[in-house]
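Subject: Structure handover

Hello,

Here is the structure I promised to pass on. Please open it first, then read my notes below.

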Amino acid sequence: MDRPLLPLRSALVFLLAALSGVAAGGLSWLAGEGAARGVLAGLAVTGLATAFFDRLITPGSGETCGKAHDHG
């Protein structure tokens, strides 16, 4: 079983989403919103950040952009 449980890209997307959710929840709690609202804010940010980072880190991102290639 040398195969990883998740591909590297998926693990990175989930890690960044979890870190974003923890940061948002912690900042919400520090702002005085209470623990329950902090957890809800963290969960909401985690869900949105998963989709954001999934689009941001695209497979094949090593290719050059067509716009940058056209401008020389």
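A definition to begin with: patches are made of residues with over 30% relative accessible area and no salt bridge, where like charges are joined within 9 Å and nonpolar side chains (Val, Leu, Ile, Met, Phe, Trp, Tyr) within 5 Å. Accessible areas come from the Shrake-Rupley method with a 1.4 Å probe, and for residues only the protein chains shown count as cover.

Two notes on the source. This is a predicted model, so local features need pLDDT of at least 70 and side-chain atom pairs count only at pLDDT 80 or more, while totals for chains, interfaces and linings use all residues. Residues are numbered from 1 along each chain as its sequence is written, and side-chain values use heavy atoms, with hydrogens and water left out.

The surface patch

Leu-5, Leu-6 and Phe-14 make up a nonpolar patch on the surface. Together they have about 360 Å² of accessible area. Leu-5 sits in the segment before H1. Leu-5 counts as exposed, at 85% relative accessibility. The classes are these: buried is under 20% relative accessible area, exposed is over 50%, and partly exposed lies in between (1.4 Å probe, protein chains only).

The overall fold

The protein chain has three helices and zero strands. Its pattern along the sequence is α-α-α. Helices (H or I, at least four residues) and strands (E, at least two) are DSSP runs, numbered from the N terminus. The chain has 72 residues, and 12% of them count as buried. It exposes about 5,900 Å², with 68% supplied by carbon and sulfur atoms. Contact means heavy atoms within 4.5 Å. Of the contacts with a separation of 6 or more, 69% come from residues 24 or more positions apart.

The salt bridges

Side chains of opposite charge can pair when their charged atoms come close. How many salt bridges does the structure hold? There are two. The term means a side-chain nitrogen of Lys or Arg within 4 Å of a carboxyl oxygen of Asp or Glu.

One joins the side chains of Arg-9 and Asp-54, at 2.6 Å from N to O. This pair links distant parts of the chain: Arg-9 is in helix H1 (residues 8-30) and Asp-54 in helix H2 (residues 35-56), 45 residues apart. Arg-9 is partly exposed at 28% relative accessibility. Asp-54 is partly exposed too, at 36%.

The side chains of Arg-37 and Glu-33 also meet in a salt bridge, at 3.3 Å from N to O. Arg-37 is exposed, at 55% relative accessible area. Glu-33 is partly exposed, at 40%.

Best wishes
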